Amino acid sequence: MTHTLDERVRESLSREVRAEVAAYARMLGKEADSLGVLFYGSNLRTESLEGVLDFYVLLPGPQRERIWPRVSYREWDYRGEILRAKIATLSLEQFAKAARGKSRDTTIWARFVQPSALIWVRDEAQCKAIAESVSQAAQTAARLAAALGPESGTAEDFWRALFQATYRAEFRVERPGREDSILSVNQAHFDGLLPLAWEAQGIEFTHEGERLSPHLPERKQAEILRWWQTRARAGKALNLLRLAKATTTFDGAADYAAWKLHRHTGIALEVTPFRERHPLLAAPGALIELWRKRRAQR
């Protein structure tokens with residue numbers, strides 16, 4: 001193997017993105033006085049500007065909000081083109097803690113073992129710190145994959161066991177088999193990643209052809225599984241709590257809902273000042289308007 005995990009992560013994070021996405025990240029980073037902005041999701045892979053761009057904005061200092069991240073939706077006119085983004089904001093300190101598996105959260109390390117790009121960063125010191133956290137996310141995910149996976153199998157077998165477990169633990173509406181699509185569309189990213197992550201974690205293994213066999217002592221495996229069971233039990237409740245918070249703190253929620261509605265049905269609902277300020281209170285009136293317009297479509 002010619003790379004360490006840290007080298008592999010730094011190389012992956014430095015991938016080029018479209019100029020429009022880089023400009024959006026730069027604007028968000030400077031506006032929030034952040035340490036760095038990560039870009040992830042399907043638009044990273046497809047290089048498309050359609051739909052919603054996904055960013056994580058990492059802030060200096062301790063985490064201020066107990067329920068994190070703070071999520072917002074924003075539309076930005078870049079040289080005459082409307083770019084849409086969903087923006088998650090939290091401190092780098094909390095991001096690093098979650099990536100190491102030191103919080104009850106399951107979303108950070110499960111998400112950032114998948115492809116991401118660091119497309120705006122304050123300085124080299126922050127670049128190193130963020131890359132170390134993403135490397136830790138891969139190690140946390142790989143450690144659990146070793147405990148959940150088969151005694152011997154392909155790397156995909158271990159990653160599949162991991163993603164199946166995390167989807168079951170979270171309040172999600174993913175279709176069965178979602179883990180297969182993640183692995184297939186990101187094949188180059190995951191190719192060779194698991195052995196590097198196990199080496200970084202000090203997990204011994206044998207490698208015969210495409211088959212990997214981790215050698216986890218029973219005591220260590222039991223420790224990892226206890227760690228996971230604690231988080232799995234809390235997963236759905238934590239995600240529901242975040243969803244409940246988002247109903248009152250999701251900046252731009254009305255705009256986001258109106259855009260999604262128009263994209264999927266062709267129906268345009270006006271985002272009035274009242275609907276923008278009070279999306280929950282405005283929901284009944286919006287539903288009545290939607291019902292009328294749907295009847296008119298028939």
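Colleague: How many cavities of 30 Å³ or more are there by the count?

Modeller: The count comes to two cavities of that volume. Please note that this is a predicted model.

Colleague: How much space lies in the largest cavity?

Modeller: The largest cavity holds about 100 Å³ of space. Its lining comprises 13 residues, and those closest to its centre are Val9, Ser12, Phe112, Val134 and His189.

Colleague: Which helix gives the most to that lining?

Modeller: Helix H1 does, with four residues. Helix H1 spans 5-13, and both it and helix H6 (124-148) supply at least two residues of the lining.

Colleague: What is the make-up of the lining of the largest cavity by class?

Modeller: Eight of the lining residues are nonpolar, four are polar and one is charged.

Colleague: And the second largest cavity, what lines it?

Modeller: Its lining consists of Glu16, Val17, Arg18, Val21, Phe39, Asn43, Leu44, Glu47 and Ser48. By class, this gives four nonpolar, two polar and three charged residues. The space in this second largest cavity is about 40 Å³.

Colleague: Turning to the largest nonpolar core, which residues have the most contacts inside it?

Modeller: Those are Leu38, Tyr56, Phe95, Trp109, Trp159, Phe163 and Trp198, in a core of 55 residues. Helix H6 contributes the largest share of this core, 12 residues.

Colleague: What is Trp109 in contact with, leaving aside its neighbours within four places in sequence?

Modeller: Its contacts include Ala137, Thr140, Ala141 and Leu144, as well as Trp227 and Trp228.

Colleague: Which residues does the second, separate core include?

Modeller: That core has 20 residues, among them Val37, Leu49, Leu83 and Ala85.

How values were computed. Residues numbered from 1 in each chain as written. Predicted model: local features only at pLDDT ≥ 70, side-chain atom pairs only at ≥ 80, totals over all residues. Heavy atoms only, no water. 1 Å grid on protein atoms, 1.4 Å probe; cavity = no way out; pocket = protein on both sides within 12 Å on 5 of 7 lines; lining within 4 Å. Points joined across faces, edges and corners; volume = space filled by probe spheres on them. Nonpolar A, V, L, I, M, F, W, Y, C, P; charged D, E, K, R; others polar. Core = buried A, V, L, I, M, F, W, Y, C linked by side-chain atoms within 4.5 Å. Buried < 20%, exposed > 50% of the residue type's maximum accessible area, 1.4 Å probe, protein only. Contact = heavy atoms within 4.5 Å.
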